[in-house]
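Here is a short briefing for a first look. Keep the sequence and the 3D view open as you read.

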Amino acid sequence: MKITFPYWGNYTIAFELLAKKLNLEVVPPEKTTSKTIEKGVKIAPEMYCFPLKVNLGNFLEAIERGADTILMPTALSGSCRLRYYAFVEDKVLKENGKNVNFVIFDQSFDIFSKLKKLSGASFFKMIEATIFTFKVLDFIEKIERKARYLRPREVERGDTDKILISAFKRLRKVEKFFEVLKLEKEILKELDQVRIERKKVPRVGIIGEIYTVCDHVVNFEIEKKLGNLGIEVHREMTLLYHLKKKIFFKDFFIQRKIKPYLGSTVGGHGRDAIYEMLKYVKEGFDGVIQLLPFACMPEVSVRPILEKIHQETKIPFLSLSFDEQVGEAGIDTRIEAFVDVVKNYYKNKHLT
């Protein structure tokens, strides 16, 4: 048995390390490219969500390298079509002669029990692997946050990203918890040595659908581009944030906060987008960008509400939708125009 899973930005490393920790033979998905997307689009249902098409491309490439088992998350309820992904992908792959097994798990303790059964690991080995993986995820998110602060202040453009590239390359080689701690200490020290200008810069919050928000390939590295244009980026939506929400039932409190704008759930991360935009407004941010896959119904449903908040507060707002038809040049043009608006907003705010 050789397992694979969807490529998902830097989180892919954590999933790969978890599989290896459980002594599973893994064929890690390669970084998504235009060729990957082209392969997925060719066999995917035309009107389905963009992430499903990217996933199919990831799977086809991994199958070509020997993968025969696919790990795929699903959703328990709500209007997000993620709950159909694995079944549609399984059918599409089999119709195209790819006879692979799917291991489908929901976003609960289910993943723990299914990985335990799949790997044959003991309960204590599973606990060790879980703690290890959470630390890897924490490390990934910690240095990404640090990079978002450093990029707009760098003296030498690109210093931060050189360290990140090295960090993720080294992370793939760790095997033990203490090795992650050691690497984290070393990388944070390197990042602290990046020469920066101690200055205030405009701040923009990123909100939207979790896959598109977190995968730097799918969103054309928008955080890096904004940083290089002098914008400090903040992003609350991360994998650990999502998992903590599940554990601590935060959706209940989010719904109470956004009730004046939305009285019911819309599935996916629609409620989160409203909650986060209101939070960024309250904290005095200079702009908000919503990222979503084309036709993502939860995000499309809340976009009029986000526009309403924009009209009420005058905070600059941009909604970017991604699919196989969207080109990087077009996205760059819109980002650059939005940055000009943000900088003018920031300048006028500090003049008053």
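This is a predicted model: local features need pLDDT of at least 70, side-chain atom pairs count only at pLDDT 80 or more, and totals for chains, interfaces and linings use all residues. Residues are numbered from 1 along each chain as its sequence is written, and side-chain values use heavy atoms, with hydrogens and water left out. The model has an open sheet of 4 strands, 32 salt bridges and 0 disulfides.

**Cysteines**

- C49 is buried, at 8% relative accessible area. Buried means under 20% relative accessible area, exposed over 50%, and partly exposed in between (1.4 Å probe, protein chains only).
- The closest cysteine sulfur to that of C49 belongs to C296 and lies 6.5 Å away, which is too far for a bond. A disulfide needs a pair of cysteine sulfur atoms within 2.5 Å.
- C214 is in no disulfide either; its nearest cysteine sulfur, again in C296, is 13 Å away.
- C214 counts as buried, with 6% relative accessibility.

**The sheet**

- The strand order is β5-β4-β6-β7, and the pairing is parallel. Two strands pair if DSSP finds at least two bridges between them.
- Helices (H or I, at least four residues) and strands (E, at least two) are DSSP runs, numbered from the N terminus.
- In general, strands of a sheet pair through backbone hydrogen bonds, either parallel or antiparallel.
- The edges are β5 (232–235) and β7 (317–322); each has a single partner strand, so one side of each has no neighbour in the sheet.
- From one strand to the next, the twist averages 25°. Axes are lines fitted to C-alpha atoms, for helices over the stretch in contact, and angles run from 0 to 180 degrees between N-to-C directions.
- Strand β6 (residues 287–293) runs parallel to β7, and 6 bridges join the two.
- L292 has S321, in β7, as its bridge partner.
- Helix α13 (residues 270–282) packs on the sheet and touches β4 (203–208), β5, β6 and β7. Contact means heavy atoms within 4.5 Å.
- The direction of α13 makes about 170° with that of β4.

- Which residues of helix α11 (residues 239–248) are buried? They are L239, L240, Y241, H242 and K245.
- Their cover includes α1 (11–21), α6 (123–150), α9 (210–214), α12 (250–258) and α13.
- T238 sits in the loop between β5 and α11. T238 is itself buried, at 8% relative accessible area.
- At the start of α11, a side-chain oxygen of T238 comes within 3.1 Å of the backbone nitrogen of Y241.
- The T238 side chain also makes a polar contact with the side chain of E141, at 3.2 Å. A polar contact is a pair of N or O atoms within 3.5 Å; within protein, one must be able to donate a hydrogen and the other to accept it, and residues adjacent in sequence count only if both atoms are side-chain atoms.
- Leaving out residues up to four places away in sequence, T238 touches Y11, E141, I210 and C214.
- Just after α11, F249 takes a positive phi of about 55°.

**Salt bridges**

- How many salt bridges are there? The count comes to 32. Each one has a side-chain nitrogen of Lys or Arg within 4 Å of a carboxyl oxygen of Asp or Glu.
- K94 and D90 form one of them, at 2.5 Å from N to O. They are 4 residues apart in helix α4 (residues 82–95), so about one helical turn separates them.
- K94 is partly exposed at 38% relative accessible area, and D90 is partly exposed at 23%.
- E95 and K91 also meet in a salt bridge, at 2.4 Å from N to O. These two are likewise 4 residues apart in α4, about one helical turn, and both are exposed.
- E232 forms a salt bridge with R153, the closest N and O atoms being 2.7 Å apart. This pair links distant parts of the chain: E232 lies in strand β5 and R153 in the loop between α6 and α7 (159–171), 79 residues apart.
- Is that pair buried or exposed? E232 is buried at 8% relative accessible area, and R153 is buried at 5%.
- K135, D138, K142 and E184 are linked in a network of salt bridges.
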